[in-house]
Amino acid sequence: MWATWPAVRQIDGHYLARPSAGFGEAAAGDHLQLAWAFWLPGHQLERGAAPWADPYSFRPEAAAAPNLQGWLLGIPFWPLRHLVGNVWAYDLIVLLSFLLAGGLTCWWLRAVGVGRAAALAGGLVFALAPYRVGQSSGHLLGLIAFLLPATLLALERRRFAWAALALAAIPLSGQLHLAMGADVLALGYAWARLPRAVWWKAAAAALTAAGAAVLVQQTVVKGSVAGGGRSFAQVERYSAELSDFVTRGVGAGIEELVFVGWATPLLALAGLWAARRQGGLAWLLGLAATVPSLLALGANLPLYEPLWRAFPPLRFARVPERLLPIACLALAALVALALDFVTQCHKLRLPAALVTAAVLALLAVDLKVPVFGAVEPDRASSAYAAMRGGGRLLELPVFRPDIHFGSVFLAYARQSPRERPFGYSTTAPPAADRLARDLRGVSCGRGTVPAELGVRYVAVHRGLYRQSRFFAPACADAAERALRRHGWTRLAGGAAISLWRRR
């Protein structure tokens, strides 16, 4: 509640996501892509189809694409959407991710031997970590960050099969960059905390996750629009600066939201001193907090570009901050160790309950960054309700597959699931990207919809023209006039969305 305040006060009928305007329809954002991904597995199971596939996007340019983002959190989403609807189900999944992140961190720290109050503080730090919170406003990275403490908990309890499952779930959810760091973290934790005789079991768990990452790269990333890797210019765009670590606020965007608080890093340093006698654990947490933070600087770190060019896996991520959840978890653990030292030190003679309450309040205020807004959802559309029978759907305006404004189409697609030439994905097939370039002119009334695409319906999203600002103000009118000239009939719709059918 605290992390999503004040947006959570208007949660009824709105998405908890990055603030944006909808202009009469759903406001674009990556949260709509996640909502579609979470919805799809249950929908597929109900129709007796493969729950891991998306049979609607980028057709006929590609076969059914794998739905990596949806399978894990789609499990609780499925019953929730039947109980409370799609929007509430999505918001509850977001709130659940805070509980999982904080709860599993607290559980892991208790397993390490940290006191209950200190473990609670550690869980609070990871749950409220600004980068994790920012990524939870629309990116899966923040929502599944709970898999990191889940992995360490499994290793601490010698549950190596569970550790392998938690590690493998990271790349299988499409988070390949985080998966690299998670594997290194797991191996380092085995070195720091486990007997040498069982190191091979931790290595086997890490190898399983690495195999899953290779599988995803070869079957999903390779051959997509991202298959050739990113340019270093994209890395430069998203690289954090040193000042971002101490600047409260979103600023240039949630990718550069690497603020770690002002008091929190000081408490973490105290925790590093308190853990100095634990040897391996102190080294691990210190490195885990430092290395991802340095790599988050990306192009602003002198050695990053040579590393980026020499290490091929780095070239598939344009955002160097993707490893930062590991640093957030390490900072949380160090804060817990600092508080545990204070509350357990008899020489200080401090009231433990009072100290704990004061530290919890300090951390909650120190880490608070307003990220969430109450965002306009996809409401029932008369245009989508008017579609009957088969036939593909083309939605205007046309965006390239990796442009986030295409997420609006995914939101409304749940009201009338059918094949569409486009979608929203950074791993879309190159053919879809070429088609988007070819049909972009249709958005402003230039050209026609090719008959070979099998498109029966066209939906014109006037609100999305205004959201994107990619097109001239008169483009929506020009597109509708061109549709009428080329034999399309207006069926239904309102001021924001209209539906056209081929005669």
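I began with the second largest pocket: 20 residues line it, and Met180, Gly181, Val184, Leu185 and Val291 lie nearest its centre. On a 1 Å grid over the protein atoms alone, a pocket is an open set of points where a 1.4 Å probe fits, with protein on both sides within 12 Å along at least five of seven lines, and lining residues have an atom within 4 Å of a point. The model is predicted: local features need pLDDT of at least 70 and side-chain atom pairs pLDDT 80 or more, while totals for chains, interfaces and linings use all residues. Residues are numbered from 1 along each chain as its sequence is written, and side-chain values use heavy atoms, without hydrogens and water.

I noted a volume of about 470 Å³ for the second largest pocket, taken as the space filled by probe spheres set on points joined across faces, edges and corners.

I then looked up the origin of this lining. Both α9 (176–193) and α13 (280–295) supply at least two residues, and α9 gives the largest share, eight residues. Helices are DSSP runs (H or I, at least four residues), numbered from the N terminus. By class, the lining holds 16 nonpolar, three polar and one charged residue.

I turned next to α9 and its packing with α7 (residues 147–156): the angle is about 25° and the axes are 10 Å apart. Axes are lines fitted to C-alpha atoms over the stretch in contact, and angles run from 0 to 180 degrees between N-to-C directions. α7 and α9 are therefore roughly parallel (under 35 degrees).

I listed the contacts (heavy atoms within 4.5 Å): Leu148, Thr151, Leu152, Leu155 and Glu156 of α7 meet Leu178, Ala182, Leu185, Ala186, Tyr189 and Arg193 of α9.

How values were computed: Nonpolar A, V, L, I, M, F, W, Y, C, P; charged D, E, K, R; others polar. Parallel < 35°, antiparallel > 145°, perpendicular 65-115°, else oblique.
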